[in-house]
Amino acid sequence: MARLLSITVGIKSHLYSHLAAARQTRRMGHIPAIASPNAGIRSDVEHAGVEFIPLRPAEGTWRSAPYRGGIRGWLGGHDFVAERRKAILSGAGVPQAAERFGPDLTIIDSELHEHILVSHLSGCPTASIEFHLSTSRKPNVPVLSQFYLPEDTLISKLRCNLDWQHMLARRRLGRMLRKWTTFGLDKHSTLEALAQRSGVRLHDLVDTGQWQYYAFPGIPCLRATVPQMDFAPEAARENEWFVGPLILEAKHRLYCDDSLQRCVGFLDSRPAEDPFIILSLGSIITSRRVIRDAIAAVKGKPVSLIISTGTEKDTTLTPNLPGNVLAEPWLPLKELLPRAQVMIGHGGVATIHECIDAHVPLLLYSLGTMDMNGNVARVHAKGLGIAGSENDSADDMWRHIERLLTEEHFRDRCRDMAETFKRYSDAGLRNALAVCLGEGPSTADR
């Protein structure tokens with residue numbers, strides 16, 4: 001019986017994936033625990049019956065965001081990066097979590113570079129978990145932050161290559177500027193110092209030429225997706241396993257009962273024949289324009305719409321709602337998706353995976369951050385939904401909704417992809433964990 005420690009930044013999409021992995025880990029007879037610098041997820045973790053371990057660095061202060069913004073951030077930047085450097089060099093809380101739990105394997109969010117490095121240098125078997133649809137440079141595959149549908153032409157291949165080179169050049173420039181402006185207290189310099197203390201060079205451990213700012217080619221990577229979601233599906237590389245989207249079942253998720261009851265009551269009061277549409281733009285940022293256009297698009301139409309306003313506190317977004325619209329600050333998506341016919345979203349990968357798993361076609365309006373543009377492009381190219389435009393009017397949005405409601409091929413594509421998810425999820429995680437734990441490959445295909 002092995003002990004597996006998961007380390008996550010703690011955002012909901014990552015957390016639910018780790019909880020799904022923990023549930024599968026227990027089915028294999030192993031003991032899971034979840035550690036995070038975000039103490040706010042403790043109740044979610046313990047509600048699922050998993051031990052929670054707070055990550056507290058022995059020195060300094062660690063935060064997920066590297067720098068504060070604006071003038072105040074600039075003026076206070078030196079103290080901020082100095083505290084962050086102390087935290088990283090003291091282990092960012094990883095040694096204390098390892099001493100408490102005694103893991104046989106530590107699985108860490110791929111974006112937590114310092115935690116991966118600390119764990120790996122400590123000698124503990126370490127793996128990363130990657131949530132993006134595409135991460136590596138492949139011929140004629142654009143950068144994940146670009147909305148671009150590649151073609152089999154020389155011009156397309158050149159454009160994809162130039163986009164990659166442009167992104168990497170900006171990163172190199174940004175890394176140099178941060179080093180100069182922080183007098184060597186920046187994250188890259190700190191990671192270099194951390195590696196040097198163990199007698200190795202950071203350059204020998206990381207690859208800075210991929211989508212992730214730091215990729216660790218020598219460390220096993222669990223890809224929480226399937227290769228068929230990318231433009232150019234290919235087999236897993238060495239030390240990499242596609243384990244399928246780690247989707248947590250509704251009964252294992254922590255919900256606000258009041259919100260769920262209001263949503264169910266609203267749907268039960270609506271005509272049974274009216275299609276049900278969900279609008280959710282994630283829990284971090286939102287778009288007032290998309291919300292307002294959606295309300296205008298369905299006003300007077302024979303459909304029911306439930307909106308998640310997310311972190312947006314502006315009550316003028318949803319004044320005098322029509323009778324076929326309900327607005328909630330937060331939605332229990334996993335409970336609602338089985339009743340939905342269309343999802344209007346922002347391009348977040350976790351929402352995309354959950355909608356496909358429920359066979360719900362997507363209308364996506366990318367909010368333009370991180371991987372959203374590339375996610376939307378892939379959903380559009382695979383026929384899993386429609387990519388909305390920032391210039392869409394309410395009438396345009398309604399035309400998109402009508403297509404998704406009436407053209408069956410969208411739902412058929414979602415159903416086919418959901419079957420692909422299942423094929424990978426059934427054996428993918430078990431196989432990956434067996435190899436990472438040194439138990440040898442299972443009989444399942446990678």
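At what angle do the axes of helix α6 and helix α8 cross, and within what distance do they come? A few notes on that and two other spots, bearing in mind that this is a predicted model.

1. Start with the helix pair. The axes of α6 (residues 113-121) and α8 (residues 187-197) cross at roughly 5° and come within 11 Å. Angles under 35 degrees count as roughly parallel, so α6 is roughly parallel to α8. On the α6 side, the contact is made by H113, E114, L117, V118 and L121, and α8 answers with K187, L191, L194 and A195. By type, the residues of this contact split into 6 nonpolar, 1 polar and 2 charged.

2. Next, have a look at H18, which sits in helix α1. Its relative accessibility is 1%, so H18 counts as buried. Setting aside neighbours within four places in sequence, H18 has contacts with S6, I7 and T8, and also with I34, I107, D109, I129 and F131.

3. Then there's the second largest pocket, with about 480 Å³ of space. Its lining has 21 residues, and those closest to the pocket's centre are Q24, I247, K422, S425 and D426. Two elements, α1 (12-27) and α16 (408-436), each give two or more residues to that lining. The biggest share comes from α16, with 8 residues.

4. One more thing on that pocket: what is the make-up of the lining of the second largest pocket in nonpolar, polar and charged residues? The lining holds 9 nonpolar and 9 charged residues, plus 3 polar ones.

Methods. Residues are numbered from 1 along each chain as its sequence is written. This is a predicted model: local features need pLDDT of at least 70, side-chain atom pairs count only at pLDDT 80 or more; totals for chains, interfaces and linings use all residues. Side-chain values use heavy atoms; hydrogens and water are left out. On a 1 Å grid over the protein atoms alone, a cavity is a set of points where a 1.4 Å probe fits but cannot get out, and a pocket is an open set with protein on both sides within 12 Å along at least five of seven lines; lining residues have an atom within 4 Å of a point. Grid points are joined across faces, edges and corners, and a volume is the space filled by probe spheres set on the points. Helices (H or I, at least four residues) and strands (E, at least two) are DSSP runs, numbered from the N terminus. Ala, Val, Leu, Ile, Met, Phe, Trp, Tyr, Cys and Pro count as nonpolar, Asp, Glu, Lys and Arg as charged, and the others, Gly among them, as polar. Axes are lines fitted to C-alpha atoms, for helices over the stretch in contact, and angles run from 0 to 180 degrees between N-to-C directions. Angles under 35 degrees count as roughly parallel, over 145 as roughly antiparallel, 65 to 115 as roughly perpendicular and the rest as oblique. Contact means heavy atoms within 4.5 Å. Buried means under 20% relative accessible area, exposed over 50%, partly exposed in between (1.4 Å probe, protein chains only).
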